[in-house]
Amino acid sequence: MPGDEASAPTPPTPLARAEQFIWLTARVLEQRRFAYHFLGGDADPVDTALGSYLNDDGGYGHALDPDLRGPLSQPLHTAHALRVLDSLGRCAGQRIERLCRHLTRMSTADGALPVVFPAPRAYPAAPYHPVHDDPPGELLTTGPVVGVLHRNRVWHAWLFRATDFCWDRIESLRHWHPYEVQSAVVFLDGVPDRARAAAAADRLGRLVRERRLAVLDPQRPEEYPPAPGCAPGEQLFPYDFARRPESLARGWFTDEEMDRSLDFLAARQEPDGGWPVHRRAWAPGSSLERRPIATLEALLTLRAYGRLPAPALSPPGPVPQR
């Protein structure tokens, strides 16, 4: 009948579909983060939700990063917490001072952070994060923590040796894993020495292209084999390295390559509204909790590149000291 087409319901937008997915599946923290970033919500509820993962030693635990279960404070949890605090503009105050003291206690002999800190009692952890009695310092965990702290102009004695460790790894390593490159980018985007960071990023970008660590053509993924230890389909794309257009990693890719990868990211939204996780599945809880985090990351990246509407604004309020 005439007018049927005009009266048909408007399909939900990608953001609306993602919102339904978040309310249906996400932890309280990811629900609060979504409300803050996309619904004009306040930062305080995000901060409160994050605080439930905080331990008495100043670190974070309780499976904040879903790959490490149990209550113990771990470096991966710290990196996750700092990403959240950075997004709120709250990387400051007594909480960060206590966190840096905690990092000092957890550091290896070279002043860096291990991936998993050994403890008397073992809790479940992803098999790709093995627990060692005397673990080495790793760029994978140290780089993101140091980069975010520098980005927020945090000064603490722990940062001096940790920063030197990151520079040494980035400027001397010859064999790279894609996730190490991601960690290096966070460090380089935050460290104060911008000229040195730009030079290191230029070298790293050439390596990423030469060794095919980023899938430059999503239509031909077979030309970019996953890195050792990764699951089938666990590949990284330009948007995984350059999460925001101001990142140094953005210069590694042409406009066409970046646009193509963002088109691919937008198209990866699944019928339930969430984005997939291609890491090797190892525990039901971890897999369920990881998808809302991946969905938030996808949405924030798409918005940073102008692919989603600007956020609603909430009135500014005082930042509590914690």
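This report describes a predicted model, from its nonpolar core to its helix pairs and loops.

## Ground rules

Residues are numbered from 1 along each chain as its sequence is written, and side-chain values use heavy atoms, with hydrogens and water left out. Because the model is predicted, local features need pLDDT of at least 70 and side-chain atom pairs count only at pLDDT 80 or more, while totals for chains, interfaces and linings use all residues.

## The core

The largest nonpolar core has 80 residues. A nonpolar core is a set of buried Ala, Val, Leu, Ile, Met, Phe, Trp, Tyr and Cys residues joined through side-chain atoms within 4.5 Å. Buried means under 20% relative accessible area, exposed over 50%, and partly exposed in between (1.4 Å probe, protein chains only). Leu149, Trp158, Trp176, Val181, Leu188 and Trp252 touch the most other members. Helix α8 (residues 158–172) gives the most to this core, with seven residues. Helices (H or I, at least four residues) and strands (E, at least two) are DSSP runs, numbered from the N terminus.

Which residues does Val181 touch, not counting those up to four places away in sequence? They are Trp176, Leu204, Val208, Leu213, Phe241 and Trp252. Contact here means heavy atoms within 4.5 Å.

## Helices α7 and α9

Helix α7 covers residues 139–151, and helix α9 covers residues 178–190. Their axes come within 7 Å and cross at roughly 20°. That makes α7 roughly parallel to α9. Axes are lines fitted to C-alpha atoms, for helices over the stretch in contact, and angles run from 0 to 180 degrees between N-to-C directions. Angles under 35 degrees count as roughly parallel, over 145 as roughly antiparallel, 65 to 115 as roughly perpendicular and the rest as oblique.

The crossing of α7 and α9 is left-handed (the near helix is turned anticlockwise from the far one by less than a right angle; clockwise would be right-handed). On the α7 side, the contact includes Leu139, Pro144 and Arg151. On the α9 side, it includes Tyr179, Glu180 and Phe187. By class, the contact of α7 with α9 has nine nonpolar, five polar and two charged residues. Ala, Val, Leu, Ile, Met, Phe, Trp, Tyr, Cys and Pro count as nonpolar, Asp, Glu, Lys and Arg as charged, and the others, Gly among them, as polar.

## Helices α5 and α6

The axes of α5 and α6 come within 12 Å and cross at roughly 160°. That makes α5 roughly antiparallel to α6. From α5, the contact uses Pro75, Thr78, Leu82 and Leu85. From α6, it uses Arg95, Ile96, Leu99, His102, Leu103 and Met106. Seven of the contact residues are nonpolar, two polar and one charged.

## Helix α3

Helix α3 spans residues 28–38. Its buried residues include Leu29, Phe34 and Phe38. The buried residues of α3 pack against α2 (14–25), α4 (43–51), α5 (75–88) and α13 (284–304). Gly40 follows α3, with a positive phi near 75°.

## Loop residues

His129 sits in the loop between α6 (94–106) and α7. Is His129 buried or exposed? His129 is buried, at a relative accessible area of 11%. Among its contacts are Asp67, Leu76 and Val115.

Asp110 is also in the loop between α6 and α7. At 32% relative accessibility, Asp110 is partly exposed. Leaving aside neighbours within four places in sequence, Asp110 contacts Gly137, Arg161 and Phe165.
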